[in-house]
Amino acid sequence: MTTATVPNVAEAIETVESHLHPTPSWSIADHPMPTGREEIWRFTPVKRFRKLLDETATGATPNWAEALPEGVTVRQLSVDEARELSVEAPVDRIAALAHDLSGGAQLIEVPDDFVAHEPITLTLEADGGNLYGHTIIRIGRHAQLTLVIVHRGTASYAEKTDIRVGDGAQLNLVTLQDWEADAVHGGQRSLSIGRDAQVKAITASMGGVIRLQENARYEGPGGDLHAYGLYFVDGGQHVQHRLFVDHNQPNTASNVDYRGALQGEGAHSVWIGDVLIRKVALGIETYEANKNLVLTDGCQADSVPNLEIETGEIVGAGHSSTTGRFDDTQLFYLMSRGVPEEEARRLIVHGFFNDIIRRIGVDSIEEKLLAQVERELELVHGTTRTAVEA
């Protein structure tokens, strides 16, 4: 019997209500067309996501390029099987349509005790149109691997992804949204962390119009989540990351750190970080942070951290959010030691992002993100200097 099935504990879980995390449902009718006034949609430019919200739209399922190592399998699931194996039902209309219009799901299974010595990469190379995809990934008990999911090209893509991490497993999950500027990507990613499992999840968004709901919950005590994020938002672009960490088991931990840079007129980022500490979540520890670096005028960064605490018997809980220009103290320190202002600004921006980039552990992704940092600096300062030259 788990804590979630003990009658009085289950009752406590069921009584949690909050406007911050809507009730999951597979029914499209339970996710009506948003107007932009709803709490979960009030930061979203609904018109820009209209294609992903239209239940009469038609499209295709994504065609993934994958090179799976021996032992890792993939197969198609029916709608009913997909619902049974998912972590949770959709929490918004985009995810509900992603499931409903995909006609089932793709299941990728990693066996127990599997150890991958090289990253496993799934790549979606889109060339236009509407795409609806539901992917379920099951990581076996005590498996160890790095999983990289890359999105490239252009499309209107509605996503639902469910990842179940088995007891004692170690997962390094890297997702990259490397879209063309006209791409629109929305959806829901749900993560279930097994007993004593360790998950490092890194999300990087660097193109297109994006709205992602990223949820995590625990299936047993001892689960450990480190969730990092990077986003680069240029003029006219909208990038929204919405996180919900549900501490529904005791002695679990989460550490969330998302950082973004904005430049150009109309650049808009949204970060919503919600952590729920349930009554049963004794001895947990959590911290979430969001930092935004505004590189030019005309940008908007909305950052909303939330903590919902139903027990005080925890190790610790906290959050922070900062949005601003360059750190004047750091800038003064470097310039007072003879570093030219432009170079000082460059060093500060690299330092801002490198603390997360160095954690990825995939050389090609790290190099791509470092190049993106240089591109942002180039757009702001007109410099063509590269990281290698530096």
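The structure holds four cavities of 30 Å³ or more. Here a cavity is a set of points, on a 1 Å grid over the protein atoms alone, where a 1.4 Å probe fits but cannot get out. Its volume is the space filled by probe spheres set on those points, which are joined across faces, edges and corners.

A quick word on the source: this is a predicted model, with local features needing pLDDT of at least 70 and side-chain atom pairs counting only at pLDDT 80 or more, while totals for chains, interfaces and linings use all residues. Residues are numbered from 1 along each chain as its sequence is written, and side-chain values use heavy atoms, with hydrogens and water left out.

| Cavity | Volume | Lining by class |
|---|---|---|
| Largest | about 270 Å³ | 11 nonpolar, six polar and three charged residues |

For the classes, Ala, Val, Leu, Ile, Met, Phe, Trp, Tyr, Cys and Pro count as nonpolar, Asp, Glu, Lys and Arg as charged, and the others, Gly among them, as polar. A lining residue has an atom within 4 Å of a cavity point.

The largest cavity has 20 lining residues, and Leu-173, Arg-189, Leu-191, Ala-201 and Glu-214 lie nearest its centre. Elements giving two or more residues to this lining include strand S5 (144–165), strand S6 (170–179) and strand S11 (238–247). S5 gives the most, with five residues. Strands (E, at least two residues) and helices (H or I, at least four) are DSSP runs numbered from the N terminus.

S5 turns up again in the second largest cavity, where it supplies the largest share of the lining, five residues. Strand S4 (120–139) also supplies at least two. Among the lining residues there are Trp-64, His-151 and Glu-159.

Now for a helix pair. The axes of helix H5 (residues 328–335) and helix H6 (residues 341–357), lines fitted to C-alpha atoms over the stretch in contact, come within 9 Å and cross at roughly 130° between N-to-C directions, on a scale from 0 to 180 degrees. That makes H5 oblique to H6, the class left once angles under 35 degrees (roughly parallel), over 145 (roughly antiparallel) and 65 to 115 (roughly perpendicular) are taken out. In the contact (heavy atoms within 4.5 Å), H5 brings Gln-330, Leu-331, Leu-334 and Met-335, while H6 brings Glu-341, Ala-344, Arg-345, Leu-347 and Ile-348. By class, the contact has six nonpolar, one polar and two charged residues.

Technical notes. 1 Å grid on protein atoms, 1.4 Å probe; cavity = no way out; pocket = protein on both sides within 12 Å on 5 of 7 lines; lining within 4 Å.
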